[in-house]
Amino acid sequence: MSEHYLTTPLSDEAVEQLCIGDTVYLTGIIYTGRDAAHKRLVEALDAGNPLPFDPKGAVIYYVGPSPAIPGYAIGAAGPTTSYRMDSYAPRLMEQGLKGMIGKGMRSADVKKSMVEHKAVYLGATGGAGALLSVRIKEARVIAYEDLGPEAIRELVVENFPVIVINDCRGGDQYAVPKLEDALGQA
């Protein structure tokens, strides 16, 4: 397991160096969005309309942050369960999305799409939203303001800590090895 300090947008080369279990510190711009926002993003693509941000090399964080408190860019910003975005994620990866941040397992279709499009799924620590928020230096709503906390935000992050859960080679941090393999018996 290695540590990586990466700046967004992510390139294929940056994603290819990541392996499951690696720690990544992201700096740059990431976007927020949950299921309601993802539905609108895919509807925009289906209608031939532009997205509110360029997905090429982008990272999206599955979060619905709480309101900012004085002196901070954002309130608590802990990850939400990722499977709710699974029906939308492959379409966004087709458009160039390189990273997704959340918690929990991903579907087989999403993992297949990560391999096909050289993308990565990163896990943020659930229950640590207040701690994660101090790594967010700026936040502004860029689309779907009517969704409130689930609106799409552009976040400027500095050394935002995440762990590689699914890499672009099909590795899965959550995969449970067979008991025989763990014991060295085949």
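Me: What does Arg 169 count as at 45% relative accessibility?

Reply: Arg 169 counts as partly exposed; buried means under 20% relative accessible area, exposed over 50%, and partly exposed in between (1.4 Å probe, protein chains only). This is a predicted model, in which local features need pLDDT of at least 70 and side-chain atom pairs count only at pLDDT 80 or more, while totals for chains, interfaces and linings use all residues. Residues are numbered from 1 along each chain as its sequence is written, and side-chain values use heavy atoms, without hydrogens and water.

Me: Which side chain does Arg 169 meet in a salt bridge?

Reply: Side chains of opposite charge can pair when their charged atoms come close. Here the partner is Asp 167, at 3.6 Å from N to O; a salt bridge needs a side-chain nitrogen of Lys or Arg within 4 Å of a carboxyl oxygen of Asp or Glu. Asp 167 is buried, at 6% relative accessible area.

Me: How many salt bridges does the structure hold?

Reply: It holds twelve. One of them joins Lys 98 and Asp 12, with closest N and O atoms 2.5 Å apart. Lys 98 is in a loop and Asp 12 in helix H1, 86 residues apart; helices (H or I, at least four residues) and strands (E, at least two) are DSSP runs, numbered from the N terminus.

Me: Where is the cis peptide bond?

Reply: Most peptide bonds are trans. The cis bond joins Thr 8 and Pro 9, with omega about 0°. Pro 9 sits in the loop between strand S1 and helix H1.
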